Amino acid sequence: MTSPNDPSRRRFLTSSAIGGLTLVAGAGVGEAMAAGDDNLPPNVPEWMKTLGPGVTANPYGNPSAYEKNTIRRNVPWLTATEESSINFTPLHELDGIITPSGLCFERHHGGVPDIDPEQHRLMIHGLVDRPLIFTMADLMRFPSVSRIHFLECPANGGMEWKGAQMAGVQFSHGMVHCCEWTGVKLSTLLAEVGVKKSAKWILAEGADAAAMTRSIPLAKAMDDIIVCYSQNGERIRPENGYPLRLLVPGWEGNVNIKWLRRIKVGDQPWHHREETSKYTDLMPDGKARQFTFVQEANSVITSPCPEKPLKHGKGFYEIRGIAWSGYGRIKKVDISTDGGMNWRSAELQGPVLSRCLTRFRLPLQWDGRPLLLQSRAADDSGYVQPSIEALRKVRGFNSIYHKNSIHTWRVRPDGEVENVQIA
Ligand SMILES: Nc1nc2c(c(=O)[nH]1)N[C@H]1C(S)=C(S)[C@@H](COP(=O)(O)O)O[C@H]1N2
Ligand SMILES: [Mo]
């Protein structure tokens with residue numbers, strides 16, 4: 001393998017018309033000869049000389065053993081225990097907009113319960129005409145819907161209010177995932193029990209050791225909340241709420257109650273147990289905001305990033321990233337390579353769906369000079385992702401939640417990428 005600083009390689013790069021594309025082919029031949037590996041052309045590789053395992057060897061498939069770095073990771077100092085903790089989606093290893101189920105970040109307050117779906121029930125009671133208890137089989141008989149939505153913990157990015165500190169996109173932005181969720185609309189179930197006129201709120205409760213409960217306005221329940229049993233086409237993974245969870249499109253992750261066992265209909269929000277009720281935003285004047293449900297527009301460049309440096313020297317690269325908004329569809333993503341002085345619009349990959357990850361791309365011809373890479377998302381409600389300065393003017397430095405400001409990666413001349421905040 002030639003080093004990125006090898007002058008002959010650099011010459012080749014600058015002279016090739018479409019840069020990287022030609023380069024990849026050229027470098028491949030060079031590497032084969034340098035490595036002297038029997039598996040490389042023109043030899044027949046080892047794995048072509050014997051039969052591989054047959055169709056019963058792996059009844060539930062796994063990723064290739066060579067992809068063992070594509071995993072969720074946690075930050076040990078972040079929480080006191082592993083049961084009430086969080087891990088992060090490896091955004092830098094993913095393409096497209098769907099997060100594979102086994103890579104979806106997990107956030108739980110009392111560990112993952114081991115629930116037998118035969119013994120699981122959903123009770124709906126309170127201000128209703130007919131309180132009912134549903135089995136999983138009952139729920140699956142109702143008309144179903146499938147929707148692709150992101151789900152983001154409002155603490156995503158929250159470690160960086162005071163300054164950049166996470167050395168990778170997995171940790172700076174990995175509290176988000178995007179899946180196709182299938183289930184029955186909550187409005188369908190509420191019609192079945194008959195909601196009384198005075199009702200204004202619902203309480204959702206999980207069947208975990210934390211018995212996590214959240215209050216949600218009835219209007220949202222009637223609009224688009226889904227009581228889900230499937231994630232990316234199969235039953236929900238235990239970590240993400242098996243066998244039943246709420247999916248509350250575009251709203252804070254914490255109201256998306258997992259292991260859903262109970263919905264109570266009432267006329268006002270409930271007071272929650274201390275350890276599950278911290279989802280408030282401390283403001284500069286010492287007051288706190290509560291019920292800031294919508295996850296505002298956000299975006300981040302996932303390549304390059306600290307985990308994906310520009311390691312081939314000067315030449316062609318594709319800037320890739322994701323944008324999302326709890327208000328609706330992503331309308332536009334602008335990219336700056338000079339810290340926000342000049343902006344160019346990225347290409348959005350369709351379909352662009354409401355409250356869903358949207359993939360964006362922009363070609364980059366890198367001349368080897370330092371870059372300050374930024375992405376700025378705007379959604380179809382007119383909301384534009386703010387700068388960190390603008391966000392701090394309103395929210396100060398003491399918040400944890402809803403830090404959706406424009407993110408900056410500094411690309412150094414050696415191609416390494418650092419997490420920085422610039423004024
Ligand atoms: N029952 C229950 N539901 C829960 C939680 C929990 O601890 N218990 N955590 C919430 C929080 S804070 C978030 S961000 C999301 C995370 O969903 P995920 O684990 O599928 O990523 O689940 C929410 N639902
Ligand atoms: Mo969360």
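Biologist: How many helices and strands are there in the protein chain?

Modeller: The protein chain has seven helices and 24 strands. This is a predicted model. Of the 423 residues in the chain, 49% are buried. Among contacts with a separation of 6 or more, 71% join residues 24 or more positions apart.

Biologist: What is the mean pLDDT of the protein chain, and where does pLDDT stay under 50?

Modeller: The mean is 91, and 89% of the residues reach 70 or more. Residues 1–20 stay under 50, and the model has 24 contacts for them beyond four places in sequence. Residues 25–30 are also below 50.

Biologist: Why is histidine 177 called buried?

Modeller: Buried means under 20% relative accessible area. Histidine 177 has 2%, so histidine 177 is buried. The residue lies in strand S7, residues 176–185.

Biologist: Which residues does histidine 177 touch, not counting those up to four places away in sequence?

Modeller: Histidine 177 touches Thr89, Thr99, Cys104, Phe105, His149, Phe150, Leu151 and Asn240. A contact means heavy atoms within 4.5 Å.

Biologist: Why does tyrosine 229 count as buried?

Modeller: Tyrosine 229 has 7% relative accessibility, and the limit is under 20%, so tyrosine 229 counts as buried. Tyrosine 229 is part of strand S10, residues 226–231. Leaving out residues up to four places away in sequence, the residues touched by tyrosine 229 include Met136, Leu139, Thr182, Val184, Ile236 and Leu244. The C-alpha atoms of tyrosine 229 and arginine 245 are separated by 6.8 Å, with the two residues 16 apart along the chain.

Biologist: What makes strand S8 largely enclosed by the rest of the structure?

Modeller: Six of the six residues of S8, residues 201–206, are buried, so S8 is largely enclosed. Both faces are covered. Trp201, Leu203 and Glu205 are buried on one side, and Ile202, Ala204 and Gly206 are buried on the other.

Biologist: How do you know that S8 pairs with S9 and with S13?

Modeller: Two strands pair if at least two bridges are found between them. Five bridges join S8 to S9, residues 213–217, and these strands run antiparallel. Six bridges join S8 to S13, residues 260–266, also in the antiparallel sense. Both counts meet the limit, so both are pairings. In S9, threonine 213 stands opposite glutamate 205. In S13, lysine 264 is the bridge partner of leucine 203.

Biologist: Which residue takes a positive phi in the hairpin of S8 and S9?

Modeller: Alanine 211 does, with a phi near 40°. The hairpin has six residues between the strands.

Biologist: Why is one side of S1 and of S3 left without a neighbour in the sheet?

Modeller: The sheet is open, with three strands in the order S1-S2-S3 and antiparallel pairing. S1 (73–74) and S3 (107–108) stand at the edges with a single partner strand each, so one side of each has no neighbour in the sheet.

Biologist: How do you know that S2 pairs with S1 and with S3?

Modeller: The limit is at least two bridges. S1 and S2 have two bridges, and two bridges join S2, residues 85–88, to S3. Each count reaches the limit, so each is a pairing. Asparagine 74 has asparagine 87 as its bridge partner in S2. Isoleucine 86 is partnered by arginine 107 in S3, and serine 85 stands opposite histidine 108. Both faces of S2 are covered, with Ser85 and Asn87 buried on one side and Ile86 and Phe88 on the other.

Biologist: What makes the buried residues of helix H5 line one face?

Modeller: In H5, residues 186–193, the buried residues are Leu186, Ser187, Leu189, Leu190 and Val193. Down the helix axis they fall within an arc of 160°, so they line one face. Glycine 194 follows H5 and has a positive phi, near 75°.

Biologist: How do you know that histidine 109, asparagine 256 and lysine 258 make polar contacts with ligand 1?

Modeller: A polar contact needs N or O atoms within 3.5 Å. A polar side-chain atom of histidine 109 lies 2.6 Å from an oxygen atom of ligand 1. For lysine 258, a polar side-chain atom lies 2.5 Å from an oxygen atom of the ligand. Asparagine 256 has a backbone N or O atom 3.1 Å from a nitrogen atom of the ligand. Each distance is within 3.5 Å, so each pair is a polar contact. Ligand 1 is surrounded by 21 residues, and the closest are Phe105, His109, Asp208, Arg245 and Lys258.

Notes:
Residues are numbered from 1 along each chain as its sequence is written. Chains are lettered from A and ligands numbered from 1 in the order in which they are written. This is a predicted model: local features need pLDDT of at least 70, side-chain atom pairs count only at pLDDT 80 or more; totals for chains, interfaces and linings use all residues. Side-chain values use heavy atoms; hydrogens and water are left out. Buried means under 20% relative accessible area, exposed over 50%, partly exposed in between (1.4 Å probe, protein chains only). Helices (H or I, at least four residues) and strands (E, at least two) are DSSP runs, numbered from the N terminus. The arc is that of the directions from the helix axis to the C-beta atoms. pLDDT is the predictor's confidence in each residue, from 0 to 100. A residue is near a molecule or strand if one of its heavy atoms lies within 4 Å of it. A polar contact is a pair of N or O atoms within 3.5 Å; within protein, one must be able to donate a hydrogen and the other to accept it, and residues adjacent in sequence count only if both atoms are side-chain atoms.
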